[in-house]
Amino acid sequence: GRLIFSKLQGGGVTAGVTSFFGGAAAASTVKKSDSVIYQGMGSSSVASGDKFGIEAIAWRGGLVAWADSSGVRLFDIEYMSRIAHIDRPTGARSNLYPTISSLRPSIMFERSDSLLIGWGDCLMAMVIRDAKSSAVKKDGPTPKEIKKKTVDCTMAWELDCVACSVVPLDEKHVAVLGLVPSAGSSSSSINDTAESE
C-alpha cells in the first residue's frame, strides 16, 4: 500500500491509504493532483525488511503520522514536508515477545501538537513545535521564510505490559490497554486461556 495526499478540485484535501492491484491504483477524475507521501510493499521495501507497510496511521489538522516497521514518521501536509522519523523502540521488537505474533503500534494525536505512541512495552509522548528556519525560499521578488516543525520527546516509559491501545484521559493521565505475556507460554496457549476465561 501507499499513503497518498490528494488535493481536490474544490480546494479540499484528503489523505488515505490505498492498496494496489496489479501495480496500479484506481484513478479518479475528481482529483486535481496526487502526491505519494509513502510507498510501501514494493520490492525495495520488502528487501529492506518493511514487511507490513503502514501498520497504524493518525491524522489531525495539517499533520499526519504513520508507523511502519522502521518507526513512526511525521509529515506536514500544509508545507508537504517531512517533520521527523522516530525509530521503532527497542521494546517493540517481536523477538522480545515470541508469544505475541504481531506487535502493532498505537498512535494517536492527543492535541494538534501532541502525539501519543504505544508500541511494544514503550509509551512515548511527542510534542510538535514550530521552529523558525533561516532558509529562505524565493518566489518572485519577495523572499518567503520556510516554516519548519521540530519534534521533542516529552515522556518515554517502559511498561510492564505490551501496549495494545493508548488513549488520553485528561491533561495528566493516559490509559493503556496492555497484554501481559506469560513467561514460557506459546501464542496458542494464550489464545486457549483467553477463550476459556
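This is a predicted model: local features need pLDDT of at least 70, side-chain atom pairs count only at pLDDT 80 or more; totals for chains, interfaces and linings use all residues.

**Notes on selected residues and on the chain**

1. Leaving aside its neighbours within four places in sequence, Thr 154 is in contact with Ala 125 and Val 127; contact means heavy atoms within 4.5 Å. Thr 154 is placed in strand E11, which spans residues 142-158. The C-alpha atoms of Thr 154 and Met 124 are 7.6 Å apart, while 30 residues separate the two along the chain. Thr 154 counts as partly exposed because its relative accessibility is 48% (buried is under 20% relative accessible area, exposed over 50%, and partly exposed in between, with a 1.4 Å probe and protein chains only).

2. Residues are numbered from 1 along each chain as its sequence is written, and side-chain values use heavy atoms, with hydrogens and water left out.

3. The secondary structure of the protein chain consists of two helices and 13 strands. Both kinds of element are DSSP runs numbered from the N terminus: helices are H or I with at least four residues, strands E with at least two.

4. Asp 121 is found in the loop between strand E9 (114-119) and strand E10 (122-139). With a relative accessible area of 8%, Asp 121 is buried. Residues up to four places away in sequence not being counted, Asp 121 touches Gly 91, Tyr 97, Trp 157, Glu 158, Leu 159 and Cys 161.

5. How many aromatic pairs does a search of the whole structure find? The search finds one. The ring centres of Trp 66 and Phe 75 lie 6.5 Å apart and the planes stand at 45°, so the pair is tilted. For rings of Phe, Tyr and Trp (its six-membered ring), a pair requires centres within 6.5 Å; planes under 30 degrees apart are stacked, over 60 edge-to-face, and the rest tilted. Trp 66 is buried at 3% relative accessible area, and Phe 75 is buried at 7%.

6. Met 80 has a positive phi of about 50°, although Met 80 is not a glycine. The residue lies in the loop between strand E6 (71-76) and strand E7 (81-87). Met 80 is partly exposed, with a relative accessible area of 33%.

7. Of the 197 residues in the protein chain, 34% are buried. Among contacts between residues at least 6 apart in sequence, 46% join residues at least 24 apart.
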